[in-house]
Amino acid sequence: MSPDDDSVPGGADRLVGAVADGEDLAVEAALRPRDLSEFIGQGRVREQLDLVLAAARARGGTADHVLLSGSPGLGKTTLSMIIAAEMAAPIRITSGPAIQHAGDLASILSSLTEGEVLFLDEIHRMSRPAEEMLYMAMEDFRVDVVVGKGPGATAIPLELPPFTLVGATTRAGLLPPPLRDRFGFTGHMEFYEPAELERVVHRSAGLLSVEVSAEGAAEIASRSRGTPRIANRLLRRVRDYAQVRADGVVNREVAARALEVYEVDARGLDRLDRAVLRALLDLFGGGPVGLSTLAVAVGEERETVEEVAEPFLVREGLLARTPRGRVATPAAWRHLDRTPPAPAAGGQGGLFGT
Ligand SMILES: Nc1ncnc2c1ncn2[C@@H]1O[C@H](COP(=O)(O)OP(=O)(O)OP(=O)(O)O)[C@@H](O)[C@H]1O
């Protein structure tokens, strides 16, 4: 299960959740960069991919299979569409959970045209028989379609046209090595720097005809948790606020006031994140405290705290998971404007000192 997965109780419909919601899906198509030069950030992946694609074009062949790994909302689907556009090839989009039987995959593969890009999102969630069929398809552009059942079953080999598989996963570590090894190129997508997200906000604002100042874009970027999807979503909410409560222009003050209304703080923490930190500091002196106790204290399911709130708090250096329980870092005390307790005399000053 990925962090922010909406199957986790409390994970859906968060303004700062990284998984796409219905509204995102409706507007994202309009906001997607169309070619590599428009794609902001991810400098290393972009440059490596540029080489892979240019070489394939020069050879007049199809590009190697590409694996893109990274958290939701960082641009994996967007990059797969760019790969197809750069190769002037059509693209077919499907996902691991949609392919439950090898037959599902066989019918998709057998209908691909030469050079087509097959985007397989959440590739780590494909069924095992489909995965095994994919090995041969990726390596030899061939599948064995099994006809009939029992002792009379026969495998009919089926030639496939050369195609490019673009697999996307939030969990590269969950992919079996034989599958991982069949990709010619793996791109690891990183969280975006604030300056890159500012560019994302400016670009999207232009496409949505919203006027945004440099400071307004910076304010939205710093609360977007390193994720373009969240930046675009916050921009839409700030735009609403600017239209209704201001003169339509997004400046620093309007962005900050709007996001205060939506309970997204200066660092991108929302109500749940802050509730977890507040309980940790105010009720348990900063920890260590067990996950179940912490969850009861905030009135949430254990999984919600562990999978929805904690990954970002850990990434931000506000909370640490230790063998003795959850512990607040000095940055957490500072963020919530509280003074950490003085270390016990002769003690080690807690896990993180003062
Ligand atoms: N580098 C980028 N520059 C500009 N916009 C971007 C960039 N990356 C992503 N976006 C925007 O963020 C949105 C989400 O991106 P995308 O759907 O590609 O993410 P994803 O990694 O495929 O997410 P998921 O794992 O949930 O499928 C898109 O609408 C796109 O406009």
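Colleague: Good to see this one! Which helix does T77 lie in?
Modeller: A word on the model before that: it is predicted, so local features need pLDDT of at least 70 and side-chain atom pairs count only at pLDDT 80 or more, while totals for chains, interfaces and linings use all residues. Residues are numbered from 1 along each chain as its sequence is written. Helices (DSSP runs of H or I, at least four residues) and strands (E, at least two) are numbered from the N terminus. T77 falls within residues 76-86, which form helix α3.

Colleague: Is T77 buried or exposed?
Modeller: A residue is buried if 20 or more other C-beta atoms, placed from the backbone, lie within 10 Å of its own, exposed if 12 or fewer, and partly exposed in between. T77 has 20 C-beta neighbours inside 10 Å, so T77 counts as buried.

Colleague: Which residues is T77 in contact with, leaving aside neighbours within four places in sequence?
Modeller: Contact here means C-beta atoms, placed from the backbone, within 7 Å. With those sequence neighbours set aside, the partners of T77 are F119, D121 and A168.

Colleague: UniProt places "binding site" at T77 and D140, among others. How far apart in space do these positions get?
Modeller: The record is an unreviewed entry, and its list also includes L31, K76 and R229; such annotations, given in the numbering used here with shortened feature names, may be inferred rather than shown by experiment. The positions spread over 199 residues of sequence, and in space their C-alpha atoms are separated by up to 36.7 Å.

Colleague: And D140, is that residue buried or exposed?
Modeller: D140 belongs to helix α5, residues 128-140. Because 11 other C-beta atoms lie within 10 Å, D140 is exposed.

Colleague: Which residues come nearest to the ligand?
Modeller: The shell holds 22 residues, each with its C-beta atom, placed from the backbone, within 6 Å of the molecule. Elements giving two or more of them are α1 (22-31), α3 and α9 (228-245). The nearest are E28, G75, K76, T77 and T78.

Colleague: Which domains each give at least three residues to that shell?
Modeller: An automatic or database assignment sets the domain bounds, dividing the protein into domain 1 (42-188), domain 2 (194-261) and domain 3 (271-335). The C-alpha centres of domain 2 and domain 3 are 28 Å apart. At least three shell residues come from each of domain 1 and domain 2.

Colleague: Lastly, which elements are included in what covers the buried residues of α8?
Modeller: In helix α8 (residues 214-222), the buried residues are G216, A217, E219, I220 and A221. Their cover includes α7 (194-207), α9 and α10 (252-261).

Technical notes
Contact = placed C-beta atoms within 7 Å.
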